[in-house]
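Please look through the sequence and the structure shown below.

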Amino acid sequence: MHSLLPFILVLILLIVFLTIFANQLKIAYPILLVLAGLAISFVPGLPILKIDPDLIFFVFLPPLLYEAAWGVSFKEMKKWWRIIGSFAFLVVFFTAFLVAIISNQIIPGFSLALGFVLGGIVSPPDAVSTGAITKFVKIPKSTTAILEGESLLNDASSLIIFRFALVAVGTGQFIWQDAGTQFLWMLFGGVGIGLLVAQVFIWIHKHLRTEAASDIALSLISPYFMYWLAEQAHCSGVLAVVAGGLYMSSQRLKYLAASSRIKGASVWESFVFLLNGMVFLLIGLDLPEIVAGIRSHGTPLGTAIGYAVIITLVLIAARMISAFAAMLATIVFRPQIAHQQQFSTRRWYTPLLMGWTGMRGVVSLAAALAIPLTLPNGEAFPHRNLILFITFIAILLTLVIQGLTLPYLIAKTQPFKGYKNEEEKEAENRLKMKLGLKSHVYNFVKDKYENHHQADAAMERILKYWEDQSKVQDNSWMNGVSKQTLLEIFAEQRIYLTNLNKEEEYDEELIRQQIYQIDLEEERIILVFKSH
């Protein structure tokens, strides 16, 4: 362990430097991390990083999914639930089916059950990769919401396929009736357990005298509890984390103080960044070992690469077909939506780009590494190294080829040129929201406090502050009454913004940014009061 620790610390330092370098080059950091891991793996004498396959899901997936659930807009997910659901479930099943059929046909001795194992592994696109790549290009919020929502749910559907396929490989049979019952239990049981655990943690936050540090600690362990309890009940741990995370995110203003929200956001950002960085480095670091495993079983490297390239092309083709099918279905069955979205002659570029955003990453790697070494009868798991190799190559090719070309493709085709300028609309909504917020707060303060504390200079200054929207530089006026008044004002602002979020025209991310500013102001007032 002592010899491995310096190596891990160097890897973390490398993640930081490569991310900085990737931002300067304006390319997605997962691409550089994978290539760097591959290059490092050829350095002789380096220790080999190995993770127990039984722990790979438990270590990485819960916090990554939980953080993603906190960042996604539930409002946008409800708005685009049809296309999100189709991509997260139907497209994943379709992709896994195609991969199973093709791999069964082209790979000697590769059963249909093994094909579904491979299909379940490589079918879900990776949200981290897509998000890291698309941040350098301008795409509509609707497209971002669809990709984020899809990434939350497609992990669950793909891993359900993966688990059923593993059972079929191990037992040699697949009973549809039992599988259907188990699928429903995994689906609804996972969601139920996630919501139940979320309720328990919210109760703990509300009724115990927690501070920011303890709130953050609770948030770090909550996804692990959700995942572990669901898996113990043979439900979907992924769905448990997603459902629990979405619910706790929607209730965050009710049980977390402003300081906990502010500090927790920074902790989670750093924690998830390191987890993602380590996973993408592992992709490159483990590839030479997988190659050695393939050669030991007598499969030529060139043949294995050929299989991997074909499967990668199947993944891209399946997503392309699905994206164009979704476009056609929208035009035929929901023409009013097509009209609202201002489809033009460029409308066929949109499914092209949706299909090209199918970069694979963290979940595929975790699933591949989680394949057991042996079957229940003690025999070696068939074609395990080949499945791992195909998965690694699919991740590498989609990250490098699609990842590097996606920004160029968007710039060249300009598929979103016909849409209303979202930046201008967002600026208008931001100004409208702030003016409405100031007006609402001024009326609230005036109605509640105008006839109270008239002799209190602090209260007069608060009223003056909101009336002329000026900044007060002198903090000597702060006292207990004014502090309590300001805290009530901040609470009223959050209520106003929460209600405003129910309106269609306001983007949820815009609301969250404003609430974050209110949290910062509340923290400043509390610190000022403590200093007096």
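## Overall make-up

The protein holds 22 helices and 0 strands, and the model that shows them is a predicted one. Of its 532 residues, 49% count as buried. When contacts between residues at least 6 apart in sequence are considered, 82% of them join residues that are at least 24 apart.

Helix α6, which covers residues 112-122, is mostly covered, with 8 of its 11 residues buried. The buried residues in α6 are L114, G115, V117, L118, G119, G120, I121 and V122.

## Helices α10 and α11

Two packed helices are described by the angle between their axes and the distance between the axes. Helix α10, made of residues 212-232, packs with helix α11, made of residues 237-250, at an angle of about 140°, and the two axes are 8 Å apart. Angles over 145 degrees would count as roughly antiparallel and those from 65 to 115 as roughly perpendicular, and α10 and α11 are therefore oblique to each other. Their crossing is right-handed.

On the α10 side, the residues that take part in this contact are P223, M226, Y227, A230 and E231, and they meet G237, V238, A240, V241, G244, G245 and M248 of α11. Sorted by class, the contact of α10 with α11 has 8 nonpolar residues, 3 polar ones and 1 charged one.

## Helices α2 and α13

Another packed pair consists of helix α2, with residues 29-40, and helix α13, with residues 258-296; their angle is about 35° and their axes are 7 Å apart. The crossing in which α2 passes α13 is right-handed.

From α2, the residues Y29, P30, L33, V34, A36, G37, L38 and I40 come into contact with N276, G277, F280, L281, I283, G284, L285, L287 and P288 of α13. The residues of this contact of α2 with α13 divide into 13 nonpolar and 4 polar, with no charged residue.

The structure holds 4 salt bridges. One of them joins R319 to E150, and the closest N and O atoms of this pair are 2.8 Å apart. Since R319 lies in helix α14 (residues 301-333) and E150 in helix α8 (residues 141-171), the pair ties together parts that are 169 residues apart in sequence. Both partners are on the covered side of the cut-off, which is set at under 20% relative accessible area: R319 counts as buried at 3% relative accessibility, and E150 is buried with a relative accessible area of 2%.

Helix α8 also provides R163, which lies in that helix while its partner E231 lies in α10, so this pair ties together parts that are 68 residues apart in sequence. The closest N and O atoms of the salt bridge between E231 and R163 are 3.0 Å apart. E231 is partly exposed, with a relative accessible area of 22%, and R163 likewise counts as partly exposed, at 23% relative accessibility. E231 is also among the α10 residues that meet α11.

A further salt bridge is formed by D519 and R494, whose closest N and O atoms are 2.9 Å apart. D519 lies in helix α22 (residues 508-531) and R494 in helix α21 (residues 480-500), so that the pair ties together parts 25 residues apart in sequence. D519 counts as buried at 2% relative accessibility, and R494 counts as buried at 11%. These two residues belong to a network of salt bridges in which R261, R494 and D519 are linked.

## Two loop residues with positive phi

Most residues other than glycine have a negative phi. H234 has a phi near 60°, which is a positive value in a residue other than glycine, and its place is in the loop between α10 and α11. With a relative accessible area of 62%, H234 is exposed.

H383 also has a positive phi, near 60°, and it too is a residue other than glycine. The place of H383 is in the loop between α17 (362-369) and α18 (384-413). H383 is partly exposed, with a relative accessible area of 29%.

Methods: Residues are numbered from 1 along each chain as its sequence is written. This is a predicted model: local features need pLDDT of at least 70, side-chain atom pairs count only at pLDDT 80 or more; totals for chains, interfaces and linings use all residues. Side-chain values use heavy atoms; hydrogens and water are left out. Axes are lines fitted to C-alpha atoms, for helices over the stretch in contact, and angles run from 0 to 180 degrees between N-to-C directions. Helices (H or I, at least four residues) and strands (E, at least two) are DSSP runs, numbered from the N terminus. Angles under 35 degrees count as roughly parallel, over 145 as roughly antiparallel, 65 to 115 as roughly perpendicular and the rest as oblique. A crossing is left-handed if the near helix is turned anticlockwise from the far one by less than a right angle, and right-handed if clockwise. Contact means heavy atoms within 4.5 Å. Ala, Val, Leu, Ile, Met, Phe, Trp, Tyr, Cys and Pro count as nonpolar, Asp, Glu, Lys and Arg as charged, and the others, Gly among them, as polar. A salt bridge is a side-chain nitrogen of Lys or Arg within 4 Å of a carboxyl oxygen of Asp or Glu. Buried means under 20% relative accessible area, exposed over 50%, partly exposed in between (1.4 Å probe, protein chains only).
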